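Q: I have a structure open and want to go through it. Can you help me read it?

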Amino acid sequence: MAVSRKVPLMVICLLLISSSTSQPTRYQMPGANRTGALRPRAIPSKALELPPDAYYDTEDDITTIPPKTVSANRGTLKRCDYNPCEIDQPPCAELAATNHCLCPGFTSHLEAPQVPFLKTVSWNGSDVVLHWCAPYSLVKAYRVTVGGTERQRFGMHRRSGGVGLIENVSEVCVVALNDAGDSEASCMMYQPRDHSLPLKAGLIGGALGLLLFFLLAVLLWRHRQQRRLQTGISLTDTIDT
């Protein structure tokens with residue numbers, strides 16, 4: 001009978017032990033932070049998206065500044081009436097500021113000027129005169145050389161100038177200058193004319209005129225002599241009769 005009583009007690013103890021291990025319980029102190037024992041979990045990206053009605057319009061709080069536009073009636077699309085070959089013409093920058101027009105592309109004052117264009121080298125009767133066109137650059141002066149030697153300097157607004165008499169065949173060049181340096185030279189060969197030819201022509205013409213006057217004088221004298229002879233003959237005939 002003693003053995004049969006021990007068996008149910010042992011079975012009861014085993015059942016109690018198995019039930020306690022299969023259902024563990026957590027003990028939490030009163031007043032403790034329940035979130036402290038929780039581990040962070042990854043939040044899906046869809047959970048971060050807000051519904052369409054959660055967005056609000058902020059246009060009332062933002063002030064937009066429209067870009068400045070230049071009206072066409074101010075002439076900004078018109079090219080300046082600038083002729084680089086015209087004498088004593090103001091710089092294109094002044095024309096642009098006054099007339100609100102566009103200038104062609106000019107190089108910076110930090111760069112040497114571009115090459116000017118030498119148009120003509122001619123003799124005007126007393127001087128050899130050059131005509132040139134300005135480059136699209138900032139120019140402060142022009143230098144003219146004859147045979148590699150500087151002959152004259154002209155101001156920034158000049159487009160022509162005389163260099164005196166050139167007696168021999170020479171290369172005449174014009175160079176543009178500014179603070180950054182000198183441009184390349186624009187050159188032409190000048191062949192002087194025979195300046196004594198007009199004098200010779202004048203002397204020949206004068207000699208021919210004197211000769212013609214002398215011939216007319218001789219013809220007039222002979223004509224008078226013939227009239228006198230005829231008058232004398234007619235008087236003699238009347239006396240004889």
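The chat below goes through the fold, the surface and the disulfides.

Q: What kind of model is this?
A: This is a predicted model: local features need pLDDT of at least 70, side-chain atom pairs count only at pLDDT 80 or more, and totals for chains, interfaces and linings use all residues. Residues are numbered from 1 along each chain as its sequence is written, and side-chain values use heavy atoms, with hydrogens and water left out.

Q: OK, how many helices and strands are there?
A: The chain has four helices and eight strands. Helices (H or I, at least four residues) and strands (E, at least two) are DSSP runs, numbered from the N terminus.

Q: What pattern do they follow along the sequence?
A: The pattern reads α-α-α-β-β-β-β-β-β-β-β-α.

Q: How much of the chain is buried?
A: Of the 241 residues, 20% are buried. Buried means under 20% relative accessible area, exposed over 50%, and partly exposed in between (1.4 Å probe, protein chains only).

Q: New topic: how many disulfides?
A: A search of the whole structure finds four. Here a disulfide is a pair of cysteine sulfur atoms within 2.5 Å.

Q: Which cysteine does C80 pair with?
A: C80 is joined to C101, at 1.9 Å from S to S. C80 lies in the loop between α2 (45–48) and α3 (92–99) and C101 in the loop between α3 and β1 (117–123), so the pair ties together parts that are 21 residues apart in sequence. Both C80 and C101 are buried.

Q: What about C85?
A: C85 is joined to C133, with S to S at 1.7 Å. C85 lies in the loop between α2 and α3 and C133 in strand β2 (residues 128–133), so this pair ties together parts that are 48 residues apart in sequence.

Q: Is C85 buried or partly exposed?
A: C85 counts as partly exposed because its relative accessibility is 27%. C133 counts as buried, at 6%.

Q: Why is the disulfide of C92 and C103 left-handed?
A: The torsion about its S-S bond is about -110°, so the disulfide is left-handed.

Q: How are the bonded cysteines paired, in sequence order?
A: Numbered that way, the pairing is 1-4, 2-6, 3-5, 7-8.
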